[in-house]
Amino acid sequence: MTPTIVRARSADAAHLTRISRAAKRYWGYPESLLRLWRRDLTVTPGFIDRHPVYHAVHRGQAVGFYAISGTGRVRELEHMWVHPRHMGAGVGRALFAHLVQRLHAMGVRRLDVASDPNAEGFYRRMGARRVGTIASTPAGRTLPRLRFMVRGSRRSNGRQRPR
C-alpha cells in the first residue's frame, strides 16, 4: 500500500484519536492501563493547530499519523500510530519516510523518541538507536528512549553535509 500523506486538520482530531487508541489496544494492554493512558492517546484540535501533524490516507480514510513537537534542530516524536488493520502494509514506513523528509527540510538534526516497547524494533529498523530509558506511567514503568539522526540536515553554518 502506498498511502497519500497530508497535513492533518483540526477536524481530523477525533479520527486520529481513534487510531491511536486502536493501535495501543492492539498490543494487548489491559483496559486499566488504556484508561490511564487515555489522555496521552487523545489528539485535540488545538494540538493539531499547534504542531506538525500528518496523516496517511488510503481510499479516503486516515490509516495512520505522526506528530512532532519542539523547535530548532532537535524535535520530539509525539505520536506515530498506524491503525491495526493496516499494520505491516508499509504505512509506518511511508509515514517515517515523510517525517524524515520534513525534518530535513526544516534543518532538524535529531529526532528523539520515547517509544512504546512494542514499537522499538520498528524505529530501530528505521535507523534510530537506543540511548536509554524514560519514566512512564504507571510508576515503575519505563519506555525505550531512542534517537534518530537526520542525515544531510543543514549544519549550523548553513551548508549541507556531503552525501
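User: Which residues does L146 touch, not counting residues up to four places away in sequence?

Analyst: Please keep in mind that this is a predicted model. L146 touches L111, D112, V113, S115, E120, Y123, A128, R129, R130 and V131. L146 itself is found in strand β7.

User: Is L146 buried or exposed?

Analyst: A residue counts as buried when its relative accessible area is under 20%. L146 is buried because its relative accessible area is 0%.

User: What is the largest nonpolar core, and which residues have the most contacts inside it?

Analyst: A nonpolar core is built from buried residues joined through side-chain atoms within 4.5 Å. Here the largest such core has 24 residues, and those with the most contacts inside it are L77, F96, L99, L111 and Y123. The elements that give this core two or more residues are β2 (53-58), β3 (61-69), β4, α4, β5, α5 and β7 (142-149). The largest share, 5 residues, comes from α4. A second, separate core has 18 residues, including A8, A23, L41 and F47.

User: With which residues is Y123 in contact, leaving aside its neighbours within four places in sequence?

Analyst: Y123 is in contact with L77, M80, F96, V113, S115, A128 and L146.

User: What volume does the largest pocket have, and which residues are closest to its centre?

Analyst: Its volume is about 1,000 Å³. Of the 40 residues in its lining, H79, M80, W81, D116 and Y123 are the closest to the centre. The elements that give two or more residues to the lining are α1 (13-26), β4 (74-82), α4 (91-105), β5 (110-114), α5 (120-125) and β6 (129-135). The largest share, 6 residues, comes from β4.

User: How many residues of that lining are nonpolar, polar and charged?

Analyst: The lining of the largest pocket divides into 21 nonpolar, 11 polar and 8 charged residues.

Definitions and conventions: Residues are numbered from 1 along each chain as its sequence is written. This is a predicted model: local features need pLDDT of at least 70, side-chain atom pairs count only at pLDDT 80 or more; totals for chains, interfaces and linings use all residues. Side-chain values use heavy atoms; hydrogens and water are left out. On a 1 Å grid over the protein atoms alone, a cavity is a set of points where a 1.4 Å probe fits but cannot get out, and a pocket is an open set with protein on both sides within 12 Å along at least five of seven lines; lining residues have an atom within 4 Å of a point. Grid points are joined across faces, edges and corners, and a volume is the space filled by probe spheres set on the points. Helices (H or I, at least four residues) and strands (E, at least two) are DSSP runs, numbered from the N terminus. Ala, Val, Leu, Ile, Met, Phe, Trp, Tyr, Cys and Pro count as nonpolar, Asp, Glu, Lys and Arg as charged, and the others, Gly among them, as polar. Buried means under 20% relative accessible area, exposed over 50%, partly exposed in between (1.4 Å probe, protein chains only). Contact means heavy atoms within 4.5 Å.
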